[in-house]
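Please report on the fold and local geometry of the model below.

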Amino acid sequence: MKRHLRSGAALSLAAIGQMVISGCAPLGRAPAAAAASTAAIAKASVAPAPMSGNPERCAALSGQTIGGATVTSVAYVETGQPISPFNVPSRATFCQVLLTIEPVAKSSIDMVVWLPTTWNSKIIAEGGGGFDGGLHGAVLTLSGPAAKGYAAIATNAGHDASGRADWAAGQPERIVDWGYRANHLASVVGKAVSQEYYAAPAVNAFFHGCSTGGRDALMMAQRYPDDYDAIVVGAPATRYTAIMAAFASYSQTVGPTPDLSTKFPALRERVLARCDEDDGVKDGLISRPTECRFDPAEMACDSQVSAECLTAEEVAAVRTLYRGVYTPDGRQIMAGLTPGSEYEWKAWVTATTALSASMATDFYRNFVYEDKEWSLNGFQILRDYPAGQSRIGAVIDADETDLRPFLSKGGKLLFYQGWDDAAIPPGETIEYFEQAQANSGPAARDGLRLFMLPGVAHCNGGKGPDSVDYLGAIDAWHSTNTAPERLIASKLDNPVARLTGQPANVIRTRPLCAWPRHAEYDGSGSTDEEENFVCR
């Protein structure tokens with residue numbers, strides 16, 4: 001679940017940097033030193049002759065009805081021109097088209113299409129985050145793809161962004177919009193707008209999303225297999241109702257341990273001492289957290305309590321967080337958090353303002369019970385989790401693992417997930433991926449890939465290399481029909497660069513290996529260079 005600033009607010013570069021840390025995951029370009037993960041990515045640039053646009057053609061779209069949507073405004077944006085609301089300089093020259101779709105009563109969806117002046121005949125759509133769509137962050141997420149020549153799409157998922165879920169109470173059509181309808185209709189409209197502007201159809205269409213956006217991505221593959229040719233799925237909030245139940249349960253797990261967050265630095269150091277070097281190098285990253293055998297009881301306090309040890313209650317809480325969320329009768333609701341991710345727990349799990357608590361409260365108040373007085377203090381997992389499933393699970397959970405309709409037409413799904421993610425436990429993504437492999441027939445072998453990122457938090461950020469050219473990888477895979485087995489991740493000294501196109505230096509690169517393989521140091525050369533690691 002990606003955190004977002006409220007739409008309309010001015011955003012400094014420092015605030016943009018916070019969005020990077022919080023989990024805004026654009027597809028933007030990788031630094032030149034690490035942009036090419038495979039030779040195939042370079043081949044993906046071979047495309048039909050570019051189509052072009054101009055200011056006159058852009059202005060002609062004003063007021064039109066295209067693909068069932070009404071054009072509400074157009075603007076021709078030049079490269080370098082600041083774009084509101086964040087005033088980030090544009091990295092492309094393009095026609096910005098804002099539209100409104102009203103498919104049924106009480107549904108009104110806003111969307112944007114960026115139409116680059118030089119078009120590569122391809123479309124990329126971006127999913128949402130948290131309880132919102134991707135429209136409010138489009139200035140940051142669409143600029144990189146547009147600079148590469150892709151027409152780019154985002155929607156508000158049927159409501160104005162606020163970071164809250166108040167919009168959902170008593171609004172079933174808005175929930176459907178957010179669940180899947182907005183992104184589907186945006187595909188239809190976006191293709192129609194591109195056709196109108198360039199007088200030519202799109203050759204390929206791609207989708208990317210992380211967190212809620214990853215759930216959006218799976219919704220497209222599951223419900224509308226013909227909308228997109230290839231899809232990038234980041235840290236997907238696949239079983240949304242289960243995630244919210246897990247978020248609610250965290251408050252009960254950590255409630256008796258008010259000082260637990262002060263122990264996280266020492267806890268992580270003990271975990272690193274046990275498991276950091278399993279990949280052959282001591283670098284502050286754990287490449288295989290599922291194989292890290294660490295019992296928090298090793299840190300149990302004796303007679304003296306300090307920041308370097310855990311009380312009996314804290315040992316129990318940490319064990320529960322590692323184990324995952326279960327019902328009293330032993331049914332697992334959510335996978336556990338991974339060893340090495342402890343530095344992310346305060347923001348997501350244990351703080352009085354933890355995102356898990358605020359999101360779960362919003363969810364049950366607005367999506368499930370329509371009761372503004374509902375409180376986490378009364379949460380009962382055996383009652384409230386099934387209530388969420390039965391009332392809205394069919395609309396918002398993207399848990400179908402038979403992907404044959406999408407894969408049988410040649411569709412590709414590239415999954416990625418940070419091992420240090422404290423919002424979507426990595427085990428959730430691995431379990432979904434492996435079930436999809438098992439249930440999707442022979443096409444799964446060439447149509448599904450998962451890449452796990454050591455040290456990377458929710459969508460991006462964290463301790464590990466997190467800048468990856470996912471768009472280049474999925475385009476190359478679709479264009480060449482050669483599945484990627486190794487991608488390159490970079491750690492930048494300026495994480496804002498991924499959002500703004502600012503200069504950045506690469507301070508470390510690592511290979512990402514197609515699951516279930518992992519990267520290991522080959523024993524020679526710099527441990528900050530990906531070529532010195534092998535996939536095993």
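Which residues in α8 meet which residues in α13? Y240, T241, A242 and A245 in α8 meet Y385, G388, Q389, I392, G393 and I396 in α13. Contact means heavy atoms within 4.5 Å. By class, this contact has 6 nonpolar, 4 polar and no charged residues. Ala, Val, Leu, Ile, Met, Phe, Trp, Tyr, Cys and Pro count as nonpolar, Asp, Glu, Lys and Arg as charged, and the others, Gly among them, as polar.

The model is predicted: local features need pLDDT of at least 70, side-chain atom pairs count only at pLDDT 80 or more, and totals for chains, interfaces and linings use all residues. Residues are numbered from 1 along each chain as its sequence is written, and side-chain values use heavy atoms, with hydrogens and water left out.

**Helix geometry**

Two packed helices are described by the angle between their axes and the distance between the axes. Helix α8 spans residues 240–254 and helix α13 spans residues 381–396. Their axes come within 8 Å and cross at roughly 145°. Axes are lines fitted to C-alpha atoms, for helices over the stretch in contact, and angles run from 0 to 180 degrees between N-to-C directions. Helices (H or I, at least four residues) and strands (E, at least two) are DSSP runs, numbered from the N terminus.

**The sheet**

Strands of a sheet pair through backbone hydrogen bonds, either parallel or antiparallel. Here an open sheet of 10 strands has mixed pairing, in the order β2-β3-β6-β7-β10-β9-β11-β12-β15-β16. Its edge strands are β2 and β16 (448–453), and each pairs on one side only. Two strands pair if DSSP finds at least two bridges between them.

| Strand pair | Sense | Bridges |
|---|---|---|
| β2 (residues 65–66) and β3 (residues 69–77) | antiparallel | 2 bridges |
| β3 and β6 (residues 94–101) | antiparallel | 7 bridges |
| β6 and β7 | antiparallel | 8 bridges |
| β9 (residues 122–126) and β11 (residues 204–210) | parallel | 5 bridges |

T65 stands opposite T70 in β3. The hairpin of β2 and β3 has 2 residues between the strands, and G67 takes a positive phi near 60° there. A75 has Q96 in β6 as its bridge partner, and V71 has L99. L98 stands opposite V112 in β7. E126 stands opposite H208 in β11.

Why is β6 largely enclosed by the rest of the structure? Because 7 of its 8 residues are buried. Buried means under 20% relative accessible area, exposed over 50%, partly exposed in between (1.4 Å probe, protein chains only).

Helices also pack on this sheet. Helix α6 (residues 172–198) touches β2, β3, β6, β7, β9, β10 (151–155) and β11, and its direction makes about 35° with that of β7. Helix α17 (residues 470–480) lies across β9, β11, β12 (230–234), β15 (412–418) and β16. Helix α17 runs at about 155° to β15.

**The largest pocket**

The largest pocket has a volume of about 410 Å³. Of its 25 lining residues, the closest to the centre are P85, L98, V112, L135 and H136. On a 1 Å grid over the protein atoms alone, a pocket is an open set of points where a 1.4 Å probe fits, with protein on both sides within 12 Å along at least five of seven lines; lining residues have an atom within 4 Å of a point. Grid points are joined across faces, edges and corners, and the volume is the space filled by probe spheres set on the points.

β6, β7 (109–116) and α4 (138–141) each supply at least two residues of the lining. The largest share, 4 residues, comes from β7. By class, the lining divides into 11 nonpolar, 11 polar and 3 charged residues.

**Backbone exceptions**

Most residues other than glycine have a negative phi, and most peptide bonds are trans. A cis peptide bond joins S84 and P85, with omega about 5°. P85 sits in the loop between β4 (82–83) and β5 (88–89). N87 lies in the loop between β4 and β5, with a positive phi of about 55° although it is not a glycine.

A cis peptide bond also joins W515 and P516, with omega about 15°. P516 is in the loop between β18 (506–513) and β19 (519–521). A157 has a positive phi of about 60°. A157 is in the loop between β10 and α6, and counts as buried at 5% relative accessibility.
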